[in-house]
Amino acid sequence: MALPWLQRAELALFAAAFLCGAVAAAALTRTQVRGRGGEGGETRTCKAPLKLNVFYNHRLFPDAGHCSFSPQGSFSGSCPLYGVVSLNRSSLALSRPSAPSLCYFVAGASGLLALYCLLLLLFWVYSSCIEDSHRGRIGLRVALAISTIAIFLVLVSACVLRFGTSSLCKSITSLNATISCSEAQKIPWTPPGTALQFYSNLHNAENSSWVSLVLWCMVLVLQVVQWKSEATPYPPLETGDSEWSSETDALFGPRLSHS
């Protein structure tokens, strides 16, 4: 059973919102927890002397049984949004980061909404091919409620990214070490390897969130249109309508006009 054109347009917007949400979540996650310290993205701590060399992750490491590996990120797991940067000789350092939960909230909200869009796409593709694809009034109510919550979450996430990145950049430019955040990516940071492409990732996450907000607003408009079309039944025919007259004439014959 084919889907109505309004619902097909809604699913196309869901596909675009899935891509935007996935990009936003991935970009912010890379900024906070992207691996550094070599190609493997891990820090090696060994408690035993070198005894045996094994081939691990395309590199020669000491005995893996006596070594522990811990992942580190661009800011060692700290959230750079609304952070304060200090100048350490010729290098920059994130001296006062925000709580990690702030970045977790933004990345988690974007990721969950992207997952919801993906599952909804798969469900409606399956329903249109196998089962009845009609969505009732209860389904529309649930969809309207979820879209409203999604718009709120995306708006909050986009604002946090916008103002958090702006606050971080103001802290960087106030040190007079660089003129912009994009240029600060080329300056050495402490510890070494920190803040690799941090501004590009934050900028991509912010742009994706704003685009996702527009897409969710369009989804809500389409759902409201479908709600109104479902809630407005066809009006009954009245005696003065032309269709009523044609049907009664076919059954009882034409009425004579009284002059």
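**Helix α2 and its surroundings**

Guide: Helix α2 covers residues 100-129, 30 residues in total, and spans 43 Å from its first C-alpha to its last, close to the 44 Å expected at 1.5 Å a residue. Helices (H or I, at least four residues) and strands (E, at least two) are DSSP runs numbered from the N terminus, and the expected span is 1.5 Å times one less than the number of residues. The model is predicted, so local features need pLDDT of at least 70 and side-chain atom pairs count only at pLDDT 80 or more, while totals for chains, interfaces and linings use all residues. Residues are numbered from 1 along each chain as its sequence is written, and side-chain values use heavy atoms, with hydrogens and water left out.

Several residues of α2 are buried, including Cys103, Val106, Ala107, Ser110, Leu113, Ala114, Cys117, Leu120, Leu121 and Trp124. Here buried means under 20% relative accessible area, exposed over 50% and partly exposed in between, with a 1.4 Å probe and protein chains only. An α-helix has 3.6 residues a turn, so residues three or four places apart point the same way.

Two cavities of 30 Å³ or more are found in a search of the whole structure. A cavity is a set of points on a 1 Å grid over the protein atoms alone where a 1.4 Å probe fits but cannot get out, and lining residues have an atom within 4 Å of a point. The largest cavity has a volume of about 80 Å³, taken as the space filled by probe spheres set on the points. Its lining has 15 residues, and the closest to its centre are Gly21, Ser110, Leu113, Val154 and Ser212. At least two lining residues come from each of α1 (5-33), α2, α3 (137-173) and α5 (198-231), and α2 gives the largest share, five residues. The lining holds nine nonpolar residues, six polar and no charged; Ala, Val, Leu, Ile, Met, Phe, Trp, Tyr, Cys and Pro count as nonpolar, Asp, Glu, Lys and Arg as charged, and the others, Gly among them, as polar.

Rings of Phe, Tyr and Trp (its six-membered ring) pair if their centres lie within 6.5 Å; planes under 30 degrees apart count as stacked, over 60 as edge-to-face and the rest as tilted. By this rule there are five aromatic pairs. The ring centres of Phe14 and Trp216 are 5.4 Å apart with planes at 75°, so this pair is edge-to-face. Phe14 belongs to helix α1 and Trp216 to helix α5, so the contact ties together parts 202 residues apart in sequence. Both Phe14 and Trp216 are buried. Tyr116 and Trp216 form a stacked pair, 6.2 Å centre to centre with 20° between the planes. This pair links Tyr116 in helix α2 with Trp216 in helix α5, 100 residues apart. Tyr116 has 22% relative accessibility and therefore counts as partly exposed, whereas Trp216, at a relative accessible area of 1%, is buried.

Leu19, in helix α1, is 98 residues from Cys117 in sequence but 9.2 Å from Cys117 in space, C-alpha to C-alpha. Cys117 is buried, while Leu19 is exposed, with a relative accessible area of 53%.

Notes
1 Å grid on protein atoms, 1.4 Å probe; cavity = no way out; pocket = protein on both sides within 12 Å on 5 of 7 lines; lining within 4 Å.
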